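Here's a quick tour of a protein model for anyone meeting it for the first time. Have a look at it below, and then we'll go through it piece by piece.

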Amino acid sequence: MSNVYVFDHPLIQHKLTYIRDKNTGTKEFRELVDEVAALMAYEITRDMPLRDVTVETPVATAKCKVLEGKKLGLVPILRAGLGMVDGILKLIPTAKVGHIGLYRDPETLEPVQYYSKMPSDIGERDLIVIDPMLATGGSAAEAIRILKEMGAKNIKLMCLIAAPEGIERVQKDHSDVDIYVAAVDEKLNEKSYIVPGLGDAGDRLFGTK
């Protein structure tokens with residue numbers, strides 16, 4: 001089954017508190033999500049491979065390490081996932097970014113794809129699927145399915161907040177995908193909002209209702 005990693009770093013938890021607060025305005029909310037995404041990226045990339053190099057410092061020769069060159073891809077689920085991309089790119093500016101657009105069919109409640117654009121070498125990249133909220137898990141599971149169909153082999157899922165129901169759905173559909181979150185909340189309500197959650201992440205990021 002998938003491994004679920006909950007980041008308990010004090011800075012992440014501190015900033016997440018203000019992200020949840022309904023009195024946090026759009027500008028501050030966007031900045032906080034950006035900052036937490038960067039902090040989470042720092043943790044999620046902990047196992048990236050390194051290789052040895054030698055450099056000349058102003059004083060002597062030093063044996064150092066650099067990233068081995070493993071290719072990374074970021075795949076935000078539109079539209080809320082966009083709010084976390086820049087924070088990650090600040091740490092890993094060479095990562096390529098693909099996009100998946102999904103909406104929920106009002107009758108079946110199942111996710112429907114309306115857009116996708118990926119790097120041509122998707123099969124060679126370690127991919128991080130990004131969505132602030134893992135609620136029912138339907139959109140995340142469908143996005144991962146689409147990526148696998150395109151040839152992706154190594155996928156991680158990164159969310160701010162998850163509901164147990166969403167984690168269970170992704171684990172059921174994609175047991176090979178690790179899930180990284182800042183918090184696992186109590187449940188979903190009757191409208192499939194995470195409780196206590198933070199409301200609609202897209203609306204709060206982009207100032208819409």
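## A lysine and its partner

Let's start with Lys15, which is buried, with a relative accessible area of 18% (buried means under 20%, exposed over 50%, and partly exposed in between, using a 1.4 Å probe and protein chains only). Its salt bridge partner is Glu35, with the closest N and O atoms 2.8 Å apart. A salt bridge here is a side-chain nitrogen of Lys or Arg within 4 Å of a carboxyl oxygen of Asp or Glu. The two are 20 residues apart and link distant parts of the chain, with Lys15 in helix α1 (residues 10–20) and Glu35 in helix α2 (residues 26–44). Glu35 is partly exposed, at 33% relative accessible area.

Before going on, a word on what you're looking at: this is a predicted model, where local features need pLDDT of at least 70, side-chain atom pairs count only at pLDDT 80 or more, and totals for chains, interfaces and linings use all residues. Residues are numbered from 1 along each chain as its sequence is written, and side-chain values use heavy atoms, leaving out hydrogens and water.

Helices (H or I, at least four residues) and strands (E, at least two) are DSSP runs, numbered from the N terminus. Both Lys65 and Asp52 are exposed.

Another one pairs Lys148 with Asp176 at 2.8 Å, N to O. Lys148 sits in helix α4 (residues 138–149), while Asp176 is in the loop between α5 (164–173) and β11 (178–184), so parts 28 residues apart in sequence get tied together. Lys148 is partly exposed at 30%, and Asp176 is partly exposed at 49%. There's also a network: Lys71, Asp121, Glu124 and Arg125 are joined by salt bridges that share partners.

## The largest pocket

How much space lies in the largest pocket? About 860 Å³. A pocket is an open set of points on a 1 Å grid over the protein atoms alone, where a 1.4 Å probe fits, with protein on both sides within 12 Å along at least five of seven lines; lining residues have an atom within 4 Å of a point. The volume is the space filled by probe spheres set on the points, which are joined across faces, edges and corners. Of the 30 lining residues, Arg104, Asp131, Ala135, Ser139 and Asp200 are the closest to the centre.

A "binding site" annotation in an unreviewed UniProt entry covers residues including Arg79, Arg104, Leu134 and Asp200. Those four are among the annotated residues that the pocket lining takes in.

## Two residues from the lining

Arg104 is found in strand β6 (residues 99–104) and counts as partly exposed at 40% relative accessibility. Leu134, in strand β9 (residues 133–134), is buried at 1%. Leaving aside neighbours within four places in sequence, Leu134 is in contact (heavy atoms within 4.5 Å) with residues including Leu157, Ile161 and Val170.

## The second largest pocket

This one has a volume of about 240 Å³. Among its 14 lining residues, Met48, Leu67, Leu91, Ile92 and Thr94 are the closest to its centre.

Definitions and conventions. UniProt positions renumbered as here; feature names shortened; annotations may be inferred.
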